[in-house]
Amino acid sequence: MRGAGKGYKQFMEADPINFLNEMKAGKPGAFERFFALVEKRVFAFGLKVCGQVEDAKDTLQETLLSAFKALPNLEFKDSKALNVWLYKVAKNSCLMMRRKNKYQPDRELSLDEFMPGRGNEGAPKEIPDWSNLPDDALLKEELRELVRRATLALPAQYRLVLVMRDMEQLSTKEVAEALEISEQNVKIRLHRARLFLRQELERYFKEGDGAARH
Amino acid sequence: MDQLNCREMFERLSEYIDGELDARLLECFDEHTRDCEPCQAFIATLRKTVELCRESGSDAPAQSLFSPEEIEAFKEAYEQAVLDLSDNARSENHPA
């Protein structure tokens, strides 16, 4: 299954609130069905944020344990609300994992790091346009891998926003709720994270063999 | 467009490509980028970055990562939480 949007879409189409309600009603097999649905979703998210399968599995375990202990006390109005809550729990587990391991240290990404400079005449510098990629499956896979690596190099506060918004394709409002920050803050962090990734891709095209292929 | 406005524009490029700008700002962006090749290239490559990001999801496991015994342990944790909730409700209704 490639692409988080797809996984997220499948998750939402399954309408997990129904699975949850069946589980709460004690319907036979309902726990296992709900567990399977949530496990897939949380693991995919954890892998994008942590990068390593073992870390993602630890995150998953923490998330599921916290979630199943808390669920009897909680009511959700719909699958969207349940989904946002699950991301909130998973985010907390990811941050706990981060404290245990040596992830990228937190630092602010400044807009100025990414602003293109100006040439001698004061006019904006020429910017290479590498957006028209050839239809080359290998190159695209290499670029996706580069994006995954660059995502892991992002400080956590930016990585979580980028993964939720661009990979999981949650709305700005949902990300804000899951991360308990303002929508404006989501937009600011997302933009800087995207600029960071764009810069890494540009570097690849300038210096790497991607330029030669291109 | 002076430097400050350039910075303001640069700051809101993601909102531009996400279609989140209001009509007035959108017009400003369109007007500027129409004749500015570096901006066009920057926006095109930022759009491409987002597209690659959307395609860079991780694979979800086809089968559970947990053994049946481990899943049973999660179920027990859930059932214990349900019991705790009923106990709490009972003691609230019938205080000692």
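## Buried and exposed residues

A residue counts as buried when its relative accessible area is under 20%, as exposed when that value is over 50%, and as partly exposed in between. The model described here is a predicted one, and in it Lys91(A) has a relative accessible area of 6%, so this lysine is buried.

Lys91(A) forms a salt bridge with Glu180(A), in which the closest N and O atoms are 3.4 Å apart. The two partners come from distant parts of the chain, 89 residues apart, since Lys91(A) belongs to helix 5 of chain A while Glu180(A) sits in the loop between helix 8 and helix 9 of chain A.

## Where chain A meets chain B

The contact between the chains involves 58 residues from chain A and 43 residues from chain B, and the area buried between them is about 5000 Å², with carbon and sulfur atoms giving 65% of it.

Six salt bridges are found across this interface, and one of the salt bridges in the model joins the side chains of Glu32(A) and Lys75(B), with 3.2 Å from N to O. On the side of chain A that touches chain B, the elements that give two or more residues include helix 3, helix 6 and helix 9 of chain A. Sorted by class, that side has 31 nonpolar, seven polar and 20 charged residues.

## A histidine in helix 9

His191(A) lies in helix 9 of chain A, and it is buried, because its relative accessible area is 2%. Among the residues that His191(A) touches are Leu111(A) of its own chain and, from chain B, Phe10(B), Arg12(B) and Leu46(B).

In helix 2 of chain A, the residues Pro16(A), Ile17(A), Leu20(A) and Met23(A) are buried. These residues cover an arc of only 120 degrees around the axis, and they therefore lie on the same side of helix 2 of chain A. The helix is followed by Gly26(A), whose phi is positive, near 80 degrees.

## A network of salt bridges

The side chains of Arg148(A) and Glu141(A) meet in a salt bridge with 2.7 Å from N to O. Arg148(A) is buried, because its relative accessible area is 19%, whereas Glu141(A), at 28%, counts as partly exposed. Salt bridges that share partners join Glu141(A), Arg144(A), Glu145(A), Arg148(A) and Glu55(B) into one network.

Conventions: Residues are numbered from 1 along each chain as its sequence is written. Chains are lettered from A and ligands numbered from 1 in the order in which they are written. This is a predicted model: local features need pLDDT of at least 70, side-chain atom pairs count only at pLDDT 80 or more; totals for chains, interfaces and linings use all residues. Side-chain values use heavy atoms; hydrogens and water are left out. Contact means heavy atoms within 4.5 Å. Buried area is the accessible area (1.4 Å probe) that two parts lose on being put together, summed over both. A salt bridge is a side-chain nitrogen of Lys or Arg within 4 Å of a carboxyl oxygen of Asp or Glu. Helices (H or I, at least four residues) and strands (E, at least two) are DSSP runs, numbered from the N terminus. Ala, Val, Leu, Ile, Met, Phe, Trp, Tyr, Cys and Pro count as nonpolar, Asp, Glu, Lys and Arg as charged, and the others, Gly among them, as polar. Buried means under 20% relative accessible area, exposed over 50%, partly exposed in between (1.4 Å probe, protein chains only). The arc is that of the directions from the helix axis to the C-beta atoms. Lists of a residue's contacts leave out its neighbours within four places in sequence.
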